[in-house]
Amino acid sequence: MSYIFEILPQLFDGLKLTILVFVLTLVLSIPLGMLLAFLLRVPIVNWFVNIYVWIMRGTPLLVQLIIIFYALPMVGPTLPRFPAALLAFTLNYAAYFAEIFRGGIKAVPNGQLEAAKVLKLTKWQTVRYVQIPQVVKIVLPSVFNEIITLVKDSSLIYVVGLGDLLRAGKIAMSRDVSLVPIMMAALIYLILIGVLTILSKKIEQRFDYYK
């Protein structure tokens, strides 16, 4: 037990970075994903957005991290470790959120869009007051599923040398020749996902209440 308390500070230091990557990725990728979803309805532009989504969803996030941090400097700017990781996560998850929001937009009944035209709402007003509120209700389960996946994917930042929760556990495991650190890291991930799962259910229930 004393050993567990001895390694907890190291794990919590890694946890801070894991949470930071998690929060910033959501703050950046969700709005970007929604913007891309609406751009998919714009002629010509949608062709480029579809290619972007196809590439981001069709290649592993790990490969994208490696390309942005290690390969990009060969042809462009060199990014520090944290911005490189955040850029890769944001671009990747924005593509997934774009597909989720696209499905939500298609699910909005055409009759409501026609009603918005009758009321002489502008395109922006239609998007803001008619489409977005309904899209949010429709896509919540899928969005929360991606959010939970993001918690686990955040462990991939070790590839650029950042000291996240999993890397802290690996370092302690190698140093002390013990499986306890990595098991503790896994337990922390499990707790985080458990909290997010409960929170997602509460939010979904609240939206169901207002339907």
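Tutor: Let's start with a term: a residue is buried under 20% relative accessible area, exposed over 50%, and partly exposed in between (1.4 Å probe, protein chains only). This is a predicted model, where local features need pLDDT of at least 70 and side-chain atom pairs count only at pLDDT 80 or more, while totals for chains, interfaces and linings use all residues. Residues are numbered from 1 along each chain as its sequence is written, and side-chain values use heavy atoms, leaving out hydrogens and water.

Student: OK, why is I44 called exposed?

Tutor: Its relative accessibility is 67%, and the cut-off is over 50%, so I44 counts as exposed.

Student: Where does I44 lie?

Tutor: In the loop between α1 (2-39) and α2 (45-58). Helices here are DSSP runs of H or I, at least four residues, numbered from the N terminus. I44 also has a positive phi of about 70°, although it isn't a glycine.

Student: Which other residue has a positive phi without being a glycine?

Tutor: V177, at about 50°. V177 is found in the loop between α7 (165-176) and α8.

Student: And what makes V177 exposed?

Tutor: Its relative accessible area is 75%, and over 50% is what the term asks for, so V177 is exposed.

Student: Back to I44: what makes its group a nonpolar patch?

Tutor: Patch members need over 30% relative accessible area and no salt bridge, and nonpolar side chains (Val, Leu, Ile, Met, Phe, Trp, Tyr) are joined within 5 Å; like charges would be joined within 9 Å. I44, W47, F48, I51, W54 and I55 form such a patch on the surface, with about 740 Å² of accessible area together (Shrake-Rupley method, 1.4 Å probe, only the protein chains shown counting as cover).

Student: Now E204: how do you know that it has no salt bridge?

Tutor: A salt bridge needs a side-chain nitrogen of Lys or Arg within 4 Å of a carboxyl oxygen of Asp or Glu. For E204, the nearest side chain of opposite charge, K201, is 4.7 Å away, so there is no salt bridge.

Student: What is E204 in contact with, beyond its neighbours within four places in sequence?

Tutor: L140, P141 and F144, contact being heavy atoms within 4.5 Å. E204 itself is found in helix α8 (residues 180-209).

Student: Which residues does UniProt list as "transmembrane region"?

Tutor: Its unreviewed entry gives 17-39, 51-72, 78-98 and 177-199. In the model, residues 17-39 are 100% helix, with end C-alpha atoms 32 Å apart. Residues 51-72 are 91% helix, with their end C-alpha atoms 19 Å apart.

Technical notes
Helices (H or I, at least four residues) and strands (E, at least two) are DSSP runs, numbered from the N terminus. Lys and Arg count as positive and Asp and Glu as negative; His and the chain ends are not counted. UniProt positions are given in the numbering used here, feature names are shortened, and annotations may be inferred rather than shown by experiment.
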